[in-house]
Amino acid sequence: MYILAMETSCDDTGAAVFADGTLLSNVNAGQLIHSEWGGVVPELASRAHQATLQKVVAKALGEAKVAKDQLGLVAYTQGPGLLGSLLVGQSFAKGLAMALDVPLLGVNHMQAHVMAHFIEAPMPKYPFLCLTVSGGHTQIVVVRAADDMETIGETRDDAAGEAFDKCGKILGLPYPAGPIIDARAQLGDASKYKLPKPAMEGLDFSFSGLKTAFLYMVQKMDDATKTAETNNLCASLQRTIVSALLEKVALAAEQTGIRQIAIAGGVSANSGLRQALREMAIMKGWETYAPSMAYCTDNAAMVGIAAYYMAQKGQRGHLADVPFVRNRPL
Ligand code: KG4
Ligand code: ZN
């Protein structure tokens, strides 16, 4: 069966085509318009999805050499995300599914980030732990099967990606700052500045205190010092975020006895996190998994692979389905 999957939850317009569980094409159009505003502007995001989605879908179908009427399933991101952006994708999916008279399937974006591990080898075996770190969410998930996931830890305030982006804004870096901080951190000294490690009991995370501490630290610097120290500040910040994340993953591994550890979501592209995970894996005897870069940040391939496994379990969506903005239990 050919599956068309679409991703429009935030500021990436994506379409992917699968032949069952095999990815045939994956097209992604990022939205550059937001960088001049210092963050995603929801209304601009939905308008950009509207302007681009049809072209992105046509390109994905063309690259896959699949005609519309060969499709057997239309999948889309149902939530969580920005309401207007989700509505554009869902309306397009509903229209197409209705016109082609094929089933429709809404996918949870956070579940899709986890399922990105099944687009290509090496794939983790169940059960595994997945640290899902994106711009909007930070979760530790026990993954027992494609349709059996349990969130055992999550952020109480800012997400990890949000911490990168907001601290980047404090440094005057453009949005999204995560990848820039990653690059600048590689040129800096992580031990130069001491930032408070977030103190949160159990498996939950908190990053807003760290952001405030970073703000106060940078506010004390004059502009010349701030510029001269940017690499060191980025390195210190990144090291603090990464160790806060991995400390909780280690605790989760200890509590559950699970030694297969995966990372997913935009922040899983972070080179410091990937490196620290590899080092911790050697120490702890873990098997670790990190998706290829293209499947870390938002993309439609992860939506398609999630839909493939959901469809195999007989799951189908309905024309009456509505988007959900806040995350739902996985
Ligand atoms: O998963 P994603 O593409 O979108 C959401 O679902 O939110 O994640 C986007 C987030 C942004 O906060 C971005 O700054 C962060 O992922 N990000 C990174 C890196 N690449 C993307 N953060 C740190 N290091 C990176 N290399
Ligand atoms: Zn995402």
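## Zinc site

In this predicted model, the residues that donate to the zinc ion (ligand 2) follow the sequence spacing H-x3-H-x184-D. The donor atoms are NE2 of His109, NE2 of His113 and OD of Asp298, and they lie 2.0 to 2.1 Å from the zinc ion.

Both histidines belong to helix H3 (residues 109-115), where they are four residues apart, about one turn of the helix. His109 has a relative accessible area of 6% and is therefore buried, the cut-off being under 20%. His113 is also buried, because its relative accessibility is 0%.

## Surroundings of ligand 1

There are 19 residues around ligand 1, and those that come nearest are Gly135, Asp165, Asp182, Asn270 and Asp298. Asp298, a protein donor of the zinc ion, places a backbone N or O atom 2.9 Å from an oxygen atom of ligand 1.

His109, another of the zinc donors, approaches ligand 1 through its side chain: an N or O atom there is 3.1 Å from an oxygen atom of the ligand. For Gly136, a backbone N or O atom lies 3.4 Å from an oxygen atom of ligand 1.

## The five-stranded sheet

The model contains an open, mixed sheet of five strands, ordered S8-S7-S6-S9-S10. Strand S8 (148-154) and strand S10 (287-289) are the edge strands, each pairing on one side only. On average, neighbouring strands of this sheet are turned by 25° against each other, with direction ignored.

Helix H8 (residues 271-284) lies across S6, S9 and S10, and runs at about 180° to S9.

## Strand S6 and its partners

Strand S6 (residues 128-133) is parallel to strand S9 (residues 260-264), and four bridges join the two. In this pairing Cys130 has Ala262 as its bridge partner, and Leu131 stands opposite Ile263. With strand S7 (residues 138-145), S6 runs antiparallel and is joined by six bridges. A hairpin of four residues connects S6 to S7, and Val133 stands opposite Thr138 in S7.

S6 is mostly covered, with six of its six residues buried. In a regular strand, side chains alternate between the two faces of the sheet. In S6, Phe128, Cys130 and Thr132 point one way, while Leu129, Leu131 and Val133 point the other way. Residues of both groups are buried.

Definitions and conventions: Residues numbered from 1 in each chain as written. Chains lettered and ligands numbered in written order. Predicted model: local features only at pLDDT ≥ 70, side-chain atom pairs only at ≥ 80, totals over all residues. Heavy atoms only, no water. Donors = N, O, S within 2.8 Å, 3.2 Å for Na, K, Ca; no water. Buried < 20%, exposed > 50% of the residue type's maximum accessible area, 1.4 Å probe, protein only. Pairing = 2+ DSSP bridges. Axes fitted to C-alpha atoms, helices over the stretch in contact; angles between N-to-C directions. Contact = heavy atoms within 4.5 Å. Near = heavy atom within 4 Å. Polar contact = N/O pair within 3.5 Å; in protein donor to acceptor, adjacent residues only side chain to side chain.
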